[in-house]
Amino acid sequence: AVVSTQSTGSFNTFNTTIITNNLRTYKTMILPKAVKLSFSKLPPNWSYLKVSVITPVNLDITDIEFKSAIMQSLLVHHGKVGSLSHVDVLKITSMSKCRSDYYSCHVILRVARQQKQHVWSALTLINTFQGSRCAINV
């Protein structure tokens, strides 16, 4: 939200621009000068992680398989509480050759802010994917 203020006499005019889904909504409030508005900045509910997957074999990674591997790692390393973490796979790039004998791809994840540390540690502890050794960098 973008807030701009105009002062006219004993009143303040607050123009608020709210952008949602690329649509702009304009709201105007006229309040007496004695009324003060306070805007609290709450932290976002989501964190986004960019993950690199490096393997010696050219794999075809799907979002369902990758999310399943994350959830399995969360269950093994953090128990039932960790397996309740919310993880969304937003985008997976195709595998490309990064060195002479290694392939890599990038994955963008959306995780709940409170569970970011659990997901991060579970990701770094994954060492095999689809039966092939791999390294995951966050």
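Of the 138 residues in the chain, 28% are buried, where buried means under 20% relative accessible area, exposed over 50% and partly exposed in between, with a 1.4 Å probe and protein chains only. The model is predicted: local features need pLDDT of at least 70, side-chain atom pairs count only at pLDDT 80 or more, and totals for chains, interfaces and linings use all residues. Residues are numbered from 1 along each chain as its sequence is written, and side-chain values use heavy atoms, with hydrogens and water left out.

**Whole chain**

Start with a cartoon of the chain, which shows two helices and 10 strands. These are DSSP runs numbered from the N terminus, helices being H or I with at least four residues and strands E with at least two. Read from the N terminus, the order is β-β-β-β-α-β-β-β-α-β-β-β. Contact here means heavy atoms within 4.5 Å.

**The nonpolar core**

Next select F66, I70, L109 and L123, the residues with the most contacts inside the largest nonpolar core, which has 23 residues. Such a core is a set of buried Ala, Val, Leu, Ile, Met, Phe, Trp, Tyr and Cys residues joined through side-chain atoms within 4.5 Å. At least two core residues come from each of β4 (46-55), α1 (63-83), β5 (87-92), β7 (102-112) and α2 (116-124). In soluble globular proteins, nonpolar side chains tend to be buried together.

Centre on L109 and display its surroundings. Setting aside residues up to four places away in sequence, L109 touches S47, Y48, L49, V51, F66, I70, V87, D88, V89 and L123.

**Start of β4**

Move to N45, in the loop between β3 (23-32) and β4. N45 counts as exposed because its relative accessibility is 54%. Beyond its neighbours within four places in sequence, N45 is in contact with V111, A112 and R113. Draw a distance from N45 to Q114: their C-alpha atoms are 8.0 Å apart, although 69 residues separate them along the chain.

Now show the side chains of W46 and R110. The charged end of R110 sits over the ring of W46, 4.5 Å from its centre; this label requires NZ of Lys or CZ of Arg within 6 Å of the ring centre and within 35 degrees of the ring normal.

**T55 and its surroundings**

Follow strand β4 to T55. T55 is buried because its relative accessible area is 0%. Its side chain reaches the backbone oxygen of V57 at 2.5 Å. Not counting residues up to four places away in sequence, T55 touches M95, Y102, Y103, R133 and C134. The C-alpha atoms of T55 and D101 lie 8.9 Å apart, with the two residues 46 apart along the chain.

Then pick R99 in strand β6 (residues 96-99). R99 is exposed, as its relative accessible area is 56%. From R99 to P56 the C-alpha to C-alpha distance is 9.6 Å, across 43 residues of sequence.

**β8 to β9**

Last, select Q130 and S132. Q130 is in the loop between β8 (128-129) and β9 (132-133). Q130 has a positive phi of about 55° although it is not a glycine. With a relative accessible area of 39%, Q130 is partly exposed.

S132 is in strand β9. A relative accessible area of 10% makes S132 buried. Leaving aside neighbours within four places in sequence, S132 is in contact with P56, V57, L59 and N127.

Terms used: A polar contact is a pair of N or O atoms within 3.5 Å; within protein, one must be able to donate a hydrogen and the other to accept it, and residues adjacent in sequence count only if both atoms are side-chain atoms.
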